[in-house]
Structures are given as structure tokens and as C-alpha cells.
Amino acid sequence: MRWSEYADAARGLAAIRAEEGARRAAVGKRTADGRAAVEQLRQRLTAQRDYLAGLATRLGEPPPSFEGVARAGLTDVDEALRRAWQAVEQADVEARRAEDRGNQPALLPGMSTTGRNVLVYAAATFVAWLVSLGLYVFSPDAGTGSVGLLAWSLCGLPAVAFFAGYTTIAVFGRPRLRPGATASHSVRLGGLICFVGMWAGWVLFLAATSLL
């Protein structure tokens with residue numbers, strides 16, 4: 001073998017070794033980066049698991065299950081990590097939504113406090129008015145009138161409606177994540193709705209029946 005051929009072969013071998021060394025270095029760096037990313041993901045998942053378990057406890061829900069994870073069948077580590085991070089971020093979004101929902105009252109969470117209380121007292125008043133109407137229709141003294149029936153319709157049942165609305169707000173108007181918090185009951189507004197609403201309902205009913 002000539003010296004020139006030997007030199008060419010040595011240079012070729014050196015180039016191959018350099019390429020192999022660079023490839024190994026790249027593989028090693030990618031492996032190290034992958035391990036670091038997996039460790040970061042593991043720490044994030046551990047923190048998220050603890051947060052979700054604590055959130056479920058505060059909401060009074062069953063603890064979440066972290067078993068039975070389905071395999072996606074991916075062989076690309078980068079793609080698998082990307083999808084894993086997407087799942088983690090989506091879980092964080094849903095957890096924040098659940099926490100925001102838990103900080104709102106269980107009854108009509110999207111409404112303002114005043115609007116919620118108005119609807120509750122109005123619904124209680126309407127139910128009480130239907131009860132008083134039933135008593136009036138089926139009472140043997142319906143035609144002649146009765147002091148007891150009148151008192152119940154204009155005083156007793158409005159008071160019952162008020163306390164029913166007050167209790168409903170007290171039970172369902174508090175945030176689930178703050179069981180010790182007190183709900184705003186709008187007492188004066190509720191009393192006005194119950195009594196005036198009952199009286200107005202009877203005035204309208206009697207006016208309508210008198211026209212028939």
C-alpha cells in the first residue's frame with residue numbers, strides 16, 4: 001500500500017470516528033434531556049395528583065383515580081412528552097374550573113347574590129300562593145270567607161314562604177369550598193317579596209274571578 005493510500009484511509013477512518021463520536025454525543029445529550037424532561041414531568045404529576053386529591057376532599061367528592069392509564073403506543077419520546085404535557089395542562093385547566101365552581105354557591109352559581117335571592121323568595125312565594133289557592137278552592141268556607149283562611153293566606157303562608165326561602169339560601173347559597181361562610185339572605189327584600197307577592201297574587205286572582 002502506498003503512503004498516499006494509507007493516509008487517505010487514515011483520514012477516512014478518523015472522519016468515521018468523528019462522526020460516530022458526534023452521533024454518540026448527540027444521543028447522550030438527547031437521552032439526558034429526555035431523562036430531565038421525564039423527571040420534570042414526574043414532579044409535576046406528583047404535585048398535580050396531590051392538588052387534585054386535596055381538591056376532591058374539599059369538594060366532598062370521591063378521590064380521583066390515577067390508575068389504569070391507557071398506553072398511546074408512541075415510540076417517539078419527544079411526541080410522547082409533548083402529549084403528556086398537553087394532558088397535564090388540560091387537567092390543570094379542568095381543576096381550576098372545578099375550583100372556581102366550588103367557590104360559587106351550589107344554587108344558581110352564575111347569578112348575582114341579589115338575583116339568586118330574588119328568585120328563591122319568588123319561587124317560595126309562588127308555591128305558598130298555590131297552597132293558599134288550594135285551601136281557598138277546597139275550603140268549605142270558600143264562598144263566604146273565613147278569618148282563619150284569610151289570616152293564613154295573607155300572614156301565615158307568606159311567613160312560611162319567607163322561612164323556606166331563607167333556609168334554602170342558607171343551605172344552598174354557600175360555596176362548597178367555604179363551608180363556614182355565611183350567605184347573604186337579603187332579609188328585608190325577601191320579606192317584601194313574600195308578603196307583597198302573596199297579597200298581589202290574591203288581588204289579581206280576585207280581580208280575575210270577579211270579571212268572569
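This is a predicted model: local features need pLDDT of at least 70, side-chain atom pairs count only at pLDDT 80 or more; totals for chains, interfaces and linings use all residues.
**Met198 contacts.** Setting aside neighbours within four places in sequence, I find Met198 in contact with Thr125, Ala128, Trp129, Ser132, Ser153, Leu157, Pro158 and Ile193. Contact here means heavy atoms within 4.5 Å.

**Ground rules.** Residue numbers start from 1 along each chain as its sequence is written, and side-chain values use heavy atoms, with hydrogens and water left out. Local features need pLDDT of at least 70 and side-chain atom pairs count only at pLDDT 80 or more, while totals for chains, interfaces and linings use all residues.

**Ser132.** I went next to one of the Met198 partners, Ser132. Ser132 is found in helix H3. Helices are DSSP runs of H or I with at least four residues, strands are E runs of at least two, and both are numbered from the N terminus. Ser132 has 0% relative accessibility, so I log it as buried. The classes are buried under 20% relative accessible area, exposed over 50% and partly exposed in between, with a 1.4 Å probe and protein chains only. Beyond four places in sequence, Ser132 is in contact with Ser153, Leu157, Met198 and Trp202.

**Core.** Which residues have the most contacts inside the largest nonpolar core? They are Tyr121, Trp129, Met198 and Trp202, in a core of 16 residues. Helices H3 (113-138), H4 (147-172) and H5 (187-211) are the elements that give two or more residues to this core. H3 gives the most, with six residues. A nonpolar core is a set of buried Ala, Val, Leu, Ile, Met, Phe, Trp, Tyr and Cys residues joined through side-chain atoms within 4.5 Å.

**Rings.** I count four aromatic pairs. Tyr121 and Phe162 have ring centres 5.7 Å apart and planes at 5°, so I note this pair as stacked. Tyr121 is in helix H3 and Phe162 in helix H4, so the pair ties together parts 41 residues apart in sequence. Both Tyr121 and Phe162 are buried. For Phe162 and Tyr166, the centres are 6.1 Å apart and the planes at 40°, so this pair is tilted. The pairing rule takes rings of Phe, Tyr and Trp (its six-membered ring) with centres within 6.5 Å; planes under 30 degrees apart are stacked, over 60 edge-to-face, the rest tilted. Phe162 and Tyr166 are four residues apart in helix H4, so about one helical turn separates them. Phe162 has 14% relative accessibility, whereas Tyr166 is partly exposed at 31%. Ring pairs link Tyr121, Phe162, Phe163 and Tyr166 into a cluster.

**Surface patch.** Phe126, Val127, Leu130, Val131 and Leu135 form a nonpolar surface patch, with about 440 Å² of accessible area together. Val131 has its place in helix H3. Its relative accessible area is 42%, so Val131 is partly exposed. Patch residues have over 30% relative accessible area and no salt bridge; like charges are joined within 9 Å, nonpolar side chains (Val, Leu, Ile, Met, Phe, Trp, Tyr) within 5 Å. A salt bridge is a side-chain nitrogen of Lys or Arg within 4 Å of a carboxyl oxygen of Asp or Glu. Areas come from the Shrake-Rupley method with a 1.4 Å probe.

**Ser186.** Where is Ser186? I find Ser186 in the loop between H4 and H5. Its phi is near 50°, a positive value in a residue other than glycine. Most residues other than glycine have a negative phi. At 19% relative accessibility, Ser186 counts as buried.

**Whole chain.** I log five helices and zero strands. Of the 212 residues, 23% count as buried. Among contacts with a separation of 6 or more, 74% join residues 24 or more positions apart. The chain exposes about 14,600 Å², with 64% supplied by carbon and sulfur atoms.
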